[in-house]
Amino acid sequence: MAGYSFMNDLSNVVRMDEPITRGPAPRWQKKHLDASNTSVNMSLNVSRGKMNASLNCSTNQSKTPSKGGSTRSKTPSKTPSKTPSKSPRSNPPSKSPTPGKSGGDRFIPNRLATDFDIGSFKVKQQAPQEGESPTQAEKQRLMAENLHGRDINNQRILSYQNKAPLPPEGYQNHLKVVYTQSKTPASVKGTTRYIPQAPDRILDAPEICDDYYLNLIDWGHNNILAVALGASVYLWNAASGSIEQLLELESNDSVSSLSWIQDGEGDHLAVGTSTGTIQLWDTCQMKRERVMTGHGGRVGSLSWNSYILSSGSRTGQIMHSDVRVREHNVLTTSGHSQEVCGLKWSPDGRYLASGGNDNLLNIWPLSHGTMHTRDQPLYSLSAHQAAVKAVAWCPWQPNVLASGGGTADRCIRFWNCSTGSLLNTVDTKSQVCAILWSAHYKELISGHGYANNQLIIWKYPSMAKVTELTGHSARVLHMAMSPDGTTVISAGADETLRLWKCFAVDPAKKKATKEVKAEPSLLKTRIR
């Protein structure tokens, strides 16, 4: 019998022209069986649920409550039921849409809430003029508010019905990481370096002249500070701290300006006096080399361009002197009608900037083949509303000039001297007495007089305030930069000199500077 069944199974497997009677059911048959079983089970569960509900109702109605009010049996059954009852499945009712709620897209403007007349007016409205005064702007705003019945500056052109839905709590947008990987611009980055708010050292400067139009301090490349106090000039060695008196003028004469010669040309100091003369001193030998005349008034400003010394006087004239020859006066120009109080050559020697008490800023071009300027200015700029004393050239952009005005102006203006165009204007709210550029940072520092008497460090070109340095009890008259570019000294009318280490360089980031041998100066053998 066993052999017969084996042969029968073998023959069923070998037959290929007849359907297989034994084996796993096809997939379509399984799906059909599962669907039929599910429908049968659901119908059985529904019928059982109805029967259980009817039985429970009849049982509750037939039961007589006990005295204690409890229907539980005192002796519960020890044998559990072999067929536990199945609870019927409860399907949640489907939510039907509310007929009263209106649908719509929140990005479609609402016509009922949109004022198309005002929207058309705002689209065609022209931008306000730059030179418009605040009084005129306020007057126009009040007139528009009276005409339209409300402030249309805050009125939107398109009004939407619903606001954008808020994201669920704890939701983080992963795309935000992708779109925030760009580097922050240098102008937006905040300063991370430490700037001391107190001066590093305070020196006494008794009898320093409280005159806005003079230039009475200068810090030389030899790390010696020259200070004019009345009729005397003192030299302070910043390395050793020693102080020496260089000169003292006679009778009623007083010192009105100082200027060290450029690096590599020696240790000579030019001294301008109130009588109109210019003295040239050798600070190593502590002796006077020569006296140059030619001005009819006091010499309030000096600036060097190699062996050419440019000097500005109260008469408004600028004299260029070649200190190597006997007849030193090579050119005299008359570009100002009042005293020349600011004078500075550009770092590349191509331009000379002069500021005067006539509110003019003149840019003088270099004369071809010489070291002095031409007889006529290249640009005569009259944007300032007060005397222009503070003039400073940008060290990394030689054609950019910063100028500051007096009490009636209080503005720092930046000029492109290649085109004569105004780049930027900043209102400092205070008299601008001096400006210095930093050699290590894209910053500049300005000294101020009435009414705040502070020093302000600005980030260039954004002109954002980095910090304010306070301490002077009277206006800041003059400023000078140390040869290494890390320290600024300010001279105030309170007769104090304050040293600020505001541009100190991080030693870890400081690059090793190569030693450059200085060329022998032409002045050492040719000054008469």
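Which residues does UniProt list for "repeat: WD"? The unreviewed entry lists residues 333-374 and 469-501. UniProt positions follow the numbering used here, feature names are shortened, and annotations may be inferred rather than shown by experiment.

This is a predicted model, in which local features need pLDDT of at least 70, side-chain atom pairs count only at pLDDT 80 or more, and totals for chains, interfaces and linings use all residues. Residues are numbered from 1 along each chain as its sequence is written, and side-chain values use heavy atoms, with hydrogens and water left out.

View 1. The end C-alpha atoms lie 11 Å apart. The span is 0% helix and 52% strand. Helices (H or I, at least four residues) and strands (E, at least two) are DSSP runs, numbered from the N terminus.

**View 2. The largest pocket.** About 1500 Å³ of space lies here. Closest to the centre are Asp218, Trp219, Lys344, Leu436 and Met481, out of 48 lining residues. Elements giving two or more residues to the lining include β2 (217-219), β14 (340-345), β22 (432-437) and β26 (476-481). By class, the lining has 28 nonpolar, 15 polar and 5 charged residues. Ala, Val, Leu, Ile, Met, Phe, Trp, Tyr, Cys and Pro count as nonpolar, Asp, Glu, Lys and Arg as charged, and the others, Gly among them, as polar. A pocket is an open set of points on a 1 Å grid over the protein atoms alone, where a 1.4 Å probe fits, with protein on both sides within 12 Å along at least five of seven lines; lining residues have an atom within 4 Å of a point. Volume is the space filled by probe spheres set on the points, which are joined across faces, edges and corners.

**View 3. The salt bridge between Arg193 and Glu443.** The closest N and O atoms are 2.3 Å apart. The pair links distant parts of the chain, 250 residues apart. Arg193 sits in the loop between α5 (175-178) and β1 (201-204), Glu443 in strand β23 (residues 443-448). The whole structure has 10 salt bridges (side-chain nitrogen of Lys or Arg within 4 Å of a carboxyl oxygen of Asp or Glu).

**View 4. Backbone details in two loops.** The peptide bond from Tyr460 to Pro461 is cis, with omega near 10°. Pro461 lies between β24 (455-459) and β25 (464-469). Asn359 is not a glycine, yet has a positive phi of about 70°. Its loop runs between β15 (351-356) and β16 (361-365).
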